[in-house]
Amino acid sequence: MSEESPVPAPAENSQAPLRPEAEVLAEARRRSRRSFIGLGLAGLAGLGGWKWLISQPEDDGIPRPLRQVLDANGRLSHAYYKQTRLAPEFARSRARTPRKNGTYGLKTELDPATWRMRVQGYGTDTVQEFTLADVQALPKVDMVTELKCIEGWSVVVHWAGARLSDFLAKYPLATRSGYPFDPRNPPADLAPYAGLATPDGNYYVGLDMDTVLHPQTLLCYEMNGKPLTPEHGAPLRLVTPLKYGIKHLKRIGTMTFAVARPKDLWAEMGYDWDSGH
Ligand SMILES: Nc1nc2c(c(=O)[nH]1)N[C@H]1C(S)=C(S)[C@@H](COP(=O)(O)O)O[C@H]1N2
Ligand SMILES: [Mo]
């Protein structure tokens with residue numbers, strides 16, 4: 001299920017396989033924390049510490065402890081800017097209606113007029129509520145991609161909605177600072193993960209930030225040119241075509257951000273947490 005992505009490794013990185021962003025982020029955080037602690041101690045130790053630092057073996061003319069911070073930052077921005085793999089797109093004439101698959105979290109009636117998507121800002125207790133109109137005010141993206149279910153079927157579907165990345169650019173809730181995501185900010189500013197759930201909490205998925213910010217990850221409100229029906233996740237569902245259908249949460253109720261992998265219903269049932277294909 002987690003086959004390797006066919007993205008060629010960039011030239012300067014040709015020996016090292018591209019690592020998942022979350023792993024890079026985690027390492028960068030670990031390293032910079034360790035290095036800052038190191039520099040802090042050097043500060044406390046005064047001249048002795050400074051002498052220790054500059055006496056360390058050099059890497060490209062820079063004392064190794066400092067070089068390690070620079071390298072970690074380099075890998076970090078590399079992860080942000082890495083070539084994005086896109087799911088294939090198809091002609092609209094190939095779009096079909098997928099089967100209504102899965103009713104976890106959809107068992108009760110939902111009034112679209114009172115529905116809200118409730119998003120808790122990263123590292124805060126504050127929850128912001130959004131209407132469908134708020135999501136529809138963002139640029140509308142049409143996309144004809146394949147919905148693949150782990151049961152073995154797949155259907156080409158014409159989806160429309162707003163990019164989750166556009167939503168998070170306008171409402172910067174995935175950063176601790178509350179500023180829009182920017183790779184020049186300290187790495188710990190951006191949440192490594194997001195968790196989405198139905199309003200009743202009965203279906204939930206975890207996504208890494210790479211997937212959250214992927215250009216084909218949509219807050220989707222239309223299927224094949226018509227508003228979503230309740231069975232397909234009205235008023236708003238997730239579509240993320242590099243992942244299996246299990247991650248395409250229907251009827252989004254809540255979104256949260258986290259430092260560690262959020263709970264995921266199908267992962268709890270034994271499926272691969274990433275569920276990419
Ligand atoms: N709320 C909710 N979302 C869900 C499910 C579910 O049971 N409940 N099933 C998932 C699975 S396994 C698949 S394959 C897709 C199917 O989407 P569709 O019903 O629009 O074809 O929805 C996903 N999203
Ligand atoms: Mo599925």
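This is a predicted model: local features need pLDDT of at least 70, side-chain atom pairs count only at pLDDT 80 or more; totals for chains, interfaces and linings use all residues.
Biologist: Which strands pair with S12, and in what sense?

Modeller: S3 pairs with S12 in the parallel sense, over two bridges. S7 pairs with S12 in the antiparallel sense, over five bridges. Met255 shows both pairings: Val119 is its bridge partner, and Leu196 stands opposite Met255 as well.

Biologist: Which residues have the most contacts inside the largest nonpolar core?

Modeller: They are Met117, Phe167, Leu196 and Phe257, in a core of 37 residues. Strands S3, S7, S8, S9 and S12 each give two or more residues to this core, as do helices H5, H6 and H7. Apart from it lies another core, of 14 residues, including Val141, Cys149, Trp153 and Leu228.

Biologist: What is Phe257 in contact with, leaving aside its neighbours within four places in sequence?

Modeller: Its contacts include Val119, Gln120, Gly121 and Tyr122. Among the others are Leu168, Leu173, Ala191, Tyr193, Ala194 and Met209.

Biologist: Turning to the backbone, which residues other than glycine have a positive phi, and where do they lie?

Modeller: Two cases can be given. Asn224 has phi near 50° and lies in the loop between S9 and S10. Arg251 has phi near 55°, and its place is in the loop between S11 and S12.

Biologist: Why does Asn224 count as partly exposed, and why does Arg251 count as buried?

Modeller: The cut-off for buried is under 20%. Asn224 counts as partly exposed because its relative accessibility is 23%. Arg251 counts as buried because its value is 5%.

Biologist: Which residues does a cis peptide bond join?

Modeller: The bond joins Ala234 and Pro235, with omega about 0°. Pro235 lies in the loop between strands S10 and S11.

Biologist: How should I describe the second largest pocket, and which residues lie nearest its centre?

Modeller: Start with its space, then go to the lining. About 370 Å³ lies in this pocket. The lining has 24 residues, and Asn101, Gly102, Tyr203, Gly245 and Ile246 lie nearest the centre. By class, the lining divides into twelve nonpolar, seven polar and five charged residues.

Conventions. Residues are numbered from 1 along each chain as its sequence is written. Chains are lettered from A and ligands numbered from 1 in the order in which they are written. Side-chain values use heavy atoms; hydrogens and water are left out. A nonpolar core is a set of buried Ala, Val, Leu, Ile, Met, Phe, Trp, Tyr and Cys residues joined through side-chain atoms within 4.5 Å. Buried means under 20% relative accessible area, exposed over 50%, partly exposed in between (1.4 Å probe, protein chains only). Helices (H or I, at least four residues) and strands (E, at least two) are DSSP runs, numbered from the N terminus. Contact means heavy atoms within 4.5 Å. On a 1 Å grid over the protein atoms alone, a cavity is a set of points where a 1.4 Å probe fits but cannot get out, and a pocket is an open set with protein on both sides within 12 Å along at least five of seven lines; lining residues have an atom within 4 Å of a point. Grid points are joined across faces, edges and corners, and a volume is the space filled by probe spheres set on the points. Ala, Val, Leu, Ile, Met, Phe, Trp, Tyr, Cys and Pro count as nonpolar, Asp, Glu, Lys and Arg as charged, and the others, Gly among them, as polar. Two strands pair if DSSP finds at least two bridges between them.
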